Amino acid sequence: MPAQPPSVLTFEDARHVVEEHASQLRPHGKELVELLESAGQVLAEPVNADRNFPPFPRATRDGYAVRAADVAQVPAELEIVGEVKAGGSLDPGFQLQTGQAVSIMTGAAALAGADAVVMVEYTSMQGSRVAVNRTVTTGENIVPVGAEAKRGARLLNPGLRMDHAAIAIAASVGRSRLLVYAKPQVAVLSTGDEVVDIDVPPGPYQIRNSNTYSLAAQIRAAGGEPMLLPIAPDEPERLRELITDGLEADLLLLTGGVSMGKYDLVEQVLADFKAEFFFTGAKIQPGKPVVFGRVPGSAKYFFGLPGNPVSTMVTFELFVRPIIDALAGATPQKLVCRRAQLKSEIKTKTGLKRFLPAMLSGEFEQAEVELMPWQGSGDIAATSRANCYVVIPPDREKLAAGEWVAVLRK
Ligand code: AMP
Ligand code: MG
């Protein structure tokens with residue numbers, strides 16, 4: 001039995017416990033990767049501006065570079081004395097004089113003497129002259145040198161998970177390689193005498209191992225590297241061996257064997273490792289028997305996730321992600337919660353916070369959500385058709401149609 005008395009926490013308390021532990025965790029290795037390979041990984045070095053951004057006063061519109069004072073009264077007629085396209089320039093000594101305009105394109109450098117760009121839409125050209133039909137203020141449609149970032153300024157901080165915008169920044173400062181934290185290795189250990197691997201024909205009362213694979217996919221999506229262990233039978237010796245192997249990784253995820261059944265041995269065997277248990281259940285559905293703890297010698301964390309496939313998936317999203325974030329070097333993210341209007345009434349029992357597979361449709365103000373009919377937390381068919389979970393607070397017996405509810409992404 002667990003070394004400490006079992007504790008079943010509310011969802012919020014359990015989540016808080018995980019976040020506290022995550023805040024103590026640090027990544028270990030770093031590696032240099034090609035820019036594109038860094039997508040989804042966590043930056044391990046600062047990225048600074050190697051020049052001013054923009055490096056020249058940049059026109060943001062196609063039109064005419066002018067002196068704003070010349071078009072204070074409109075219509076105004078100016079003489080076109082040149083053209084500058086993106087990447088181009090005029091003679092070094094060029095200076096725009098009163099009464100002159102230069103045709104300019106988006107992305108080109110605004111020229112000396114010009115202090116605004118009039119959009120081409122507000123002009124009409126006749127030969128070498130242009131009529132301007134709208135006034136501009138000083139600085140309009142020109143981004144000054146260094147307005148977005150000064151040379152040497154910090155653009156990206158270590159700990160940032162590289163997304164497309166961060167990749168754009170790294171590209172714009174000429175970084176073809178980046179130092180990122182190594183992906184944490186996460187061991188996956190499915191347990192159960194009835195579970196067989198996917199290339200083995202299952203007997204009449206056996207089921208194929210799906211949890212190892214769903215977890216591996218979730219680990220990858222979270223920025224970890226899955227390490228798949230063989231299936232553990234409901235027998236302490238072999239389970240102990242496989243747990244020992246799993247503790248070689250940065251984090252160990254077990255599935256199955258954490259409920260109240262006679263052959264649910266996971267906690268018992270972990271207790272033999274002198275494991276500390278931070279919680280042995282959470283008031284949620286699916287996923288109530290979820291276990292979180294640490295093995296002192298190795299200081300490795302583990303989760304015992306309930307074996308029901310949907311419980312495994314949900315408890316990963318709710319509790320495992322912050323630990324993987326931290327081991328990957330990222331600041332653990334809060335759960336992203338959207339809101340949608342219930343299509344039909346939901347009746348339920350109080351006491352557990354529920355995360356039920358559902359179908360979200362419509363966008364923004366029109367977002368609507370409806371529960372998927374399902375057979376409970378073993379029903380992966382219904383869950384695979386769902387695209388989110390509706391979150392039902394533990395104190396609600398009934399949610400009316402039309403009510404705005406929280407929705408968690410799948
Ligand atoms: P347990 O948590 O061990 O009591 O298992 C709960 C349910 O999940 C049982 O119906 C198991 O057969 C099923 N289950 C356990 N492990 C897996 C697995 N790796 N893949 C698919 N189903 C599983
Ligand atoms: Mg089992």
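Start with the aromatic side chains: this predicted model holds nine aromatic pairs (rings of Phe, Tyr and Trp, the last by its six-membered ring, with centres within 6.5 Å; planes under 30 degrees apart are stacked, over 60 edge-to-face, the rest tilted). Select Phe-278 and Tyr-301, a tilted pair with 6.2 Å centre to centre and 45° between the planes. Phe-278 belongs to strand β19 (residues 276-279) and Tyr-301 to strand β23 (residues 300-305), so the pair ties together parts 23 residues apart in sequence. Strands here are DSSP runs of E, at least two residues, numbered from the N terminus.

Next, select ligand 1 and the 16 residues around it; Glu-194, Asn-209, Ser-210, Gly-257 and Gly-307 come nearest (a residue counts if one of its heavy atoms lies within 4 Å). By class, this shell has three nonpolar, 10 polar and three charged residues; Asp, Glu, Lys and Arg count as charged, and Gly is among the polar ones.

Now show the polar contacts (pairs of N or O atoms within 3.5 Å). A polar side-chain atom of Glu-194 is 2.5 Å from an oxygen atom of ligand 1. At Gly-307, a backbone N or O atom lies 2.9 Å from a ligand 1 oxygen atom, and at Asn-308 a polar backbone atom is 3.2 Å from an oxygen atom of ligand 1. The protein covers 79% of the 480 Å² of accessible area that ligand 1 has on its own (Shrake-Rupley method, 1.4 Å probe).

Residues are numbered from 1 along each chain as its sequence is written, and chains are lettered from A and ligands numbered from 1 in written order. Local features need pLDDT of at least 70, side-chain atom pairs count only at pLDDT 80 or more, and totals for chains, interfaces and linings use all residues, while side-chain values use heavy atoms, with hydrogens and water left out.

Technical notes
Polar contact = N/O pair within 3.5 Å; in protein donor to acceptor, adjacent residues only side chain to side chain. Helix = DSSP H or I, 4+ residues; strand = E, 2+ residues; numbered from the N terminus.
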